[in-house]
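Please find below a colleague's note on the model under review. The points are arranged by region.

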Amino acid sequence: MGIFGLSKLIADIAPHAVKESEIKHYFGRKVAIDASMSLYQFLIAVRSEGHQLTSIDGETTSHLMGTFYRTIRLVENGIKPVYIFDGKPPDLKAHQLNKRAERREEAEKELQKATEIGDLASIDKFNRRLVKVTKQHNEEARQLLQLMGVPVIEAPCEAEAQCAALYLKLCVRSKLVKYAAATEDMDALTFGSNVLLRHLTFSEARKMPVQEFHLDEVLKGLELTHNEFIDLCILLGCDYCGSIRGIGPKRAIELIRQHKTLEAILNNIDKNKYQPPENWNFEQARKLFLEPEVTDPKSIEIKWNEPDEEGLVKFLCGDKQFNEERVRNGAKKLMKARSSTTQGRLDGFFTVVSTPNPKRKMEDEKKNSSSKKSKAAGGGRGRRPK
């Protein structure tokens, strides 16, 4: 889920913090990608006649098709992707996972009803609601990416938190992940990613721009510190605890701006009107955002390798029924993009300097000339004329 209503709140109050761009404009950038979120998108979107693609033995292959071709497209546009896979979910997320399980059970019941009456639109809708990224999907995608020469990282916990850690600790210090975290979950900002890219892995397929959120501009536009922003996100609704009933996005930011912390809000609101959850564990959620479980980026080695063409053919063709010619062409595109000498981004070669305005320059020269004549006439600063 991420943070409920955060993207709309930012668009309404701090629209300057959001930019729209095309995938080609990220040439030369290294991007940490939330792998599980990307796989979920591919399982939803990559379909044939309303159904997920499958292998000869009935195993789903939509996630592999999407990962293979979209990653090639990213690399062809000069992007160096690093895929971050989720580890074990934090204990605080258990309630959210239980809710998702309940929603899937409900969707299964509705799917059965729709199937009995032949409602094709509802069948498709509830099938999509039942989509879940499994351990097998993750393992297959990880194997595919390694054969493609693309680095993968296994996060100990949340992928968004690991993406943020890579950005914060390595973007500035060692330029390892130079530019952004790519995910649909807005809580990447809450974890501290300064640049968040949404729609990166499917923007072209859906004819939509990449959305680029800048945390420093978000904080400036919302008039909040990062700690206040974290409390706002908890108040809006996050994956790690409940939220106060009756408080929407507009009221939430008003309360945070006025009282600064959740503790102060609880001391000042009418709890009969705005009921906080029983045993509300917002302190633990706040701590998780501030101190998430991540692998120290200094211990991570990220390396892009040559793709293994024969390994890709063996893995994707045969039982998985990928077209061998297309797989080999894809491998060659990867090799070409990697081996070709490409010009780096201009902002990496040049220092930006201000260009003087000619008219202003002439005015400054006249002032300097007048000043020199005045000093000469007065015998210099500190001397009175005789």
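Helices (H or I, at least four residues) and strands (E, at least two) are DSSP runs, numbered from the N terminus. The model is predicted: local features need pLDDT of at least 70, side-chain atom pairs count only at pLDDT 80 or more, and totals for chains, interfaces and linings use all residues. Residues are numbered from 1 along each chain as its sequence is written, and side-chain values use heavy atoms, with hydrogens and water left out.

1. Aspartate 34 belongs to strand β2 (residues 30-34). Aspartate 34 is buried but has no salt bridge; buried means under 20% relative accessible area, exposed over 50%, and partly exposed in between (1.4 Å probe, protein chains only). A salt bridge is a side-chain nitrogen of Lys or Arg within 4 Å of a carboxyl oxygen of Asp or Glu. For aspartate 34, the nearest side chain of opposite charge is lysine 93, 8.1 Å away; Lys and Arg count as positive and Asp and Glu as negative, while His and the chain ends are not counted.

2. The side chain of aspartate 34 does make a polar contact, at 3.0 Å, with the side chain of threonine 183. A polar contact is a pair of N or O atoms within 3.5 Å; within protein, one must be able to donate a hydrogen and the other to accept it, and residues adjacent in sequence count only if both atoms are side-chain atoms. A side-chain oxygen of aspartate 34 also comes within 3.4 Å of the backbone nitrogen of serine 36, at the start of α2.

3. Helix α2 (residues 35-45) has nine of its 11 residues buried, so this helix is largely enclosed by the rest of the structure. Among the buried residues are Met37, Leu39, Phe42, Leu43 and Ile44.

4. Helix α4 holds glutamine 96, which is buried at a relative accessible area of 4%. The C-alpha atoms of glutamine 96 and aspartate 239 are 5.9 Å apart, although the two residues are separated by 143 residues in sequence.

5. Glutamate 106 also lies in helix α4 (residues 94-117) and counts as partly exposed because its relative accessibility is 42%.

6. Histidine 199 has a positive phi of about 70° and sits in the loop between β8 (195-198) and β9 (210-214); histidine 199 is buried, with 11% relative accessible area. Glutamine 321 has a positive phi of about 65° in the loop between α14 (309-316) and α15 (324-339), and is partly exposed at 49% relative accessibility.
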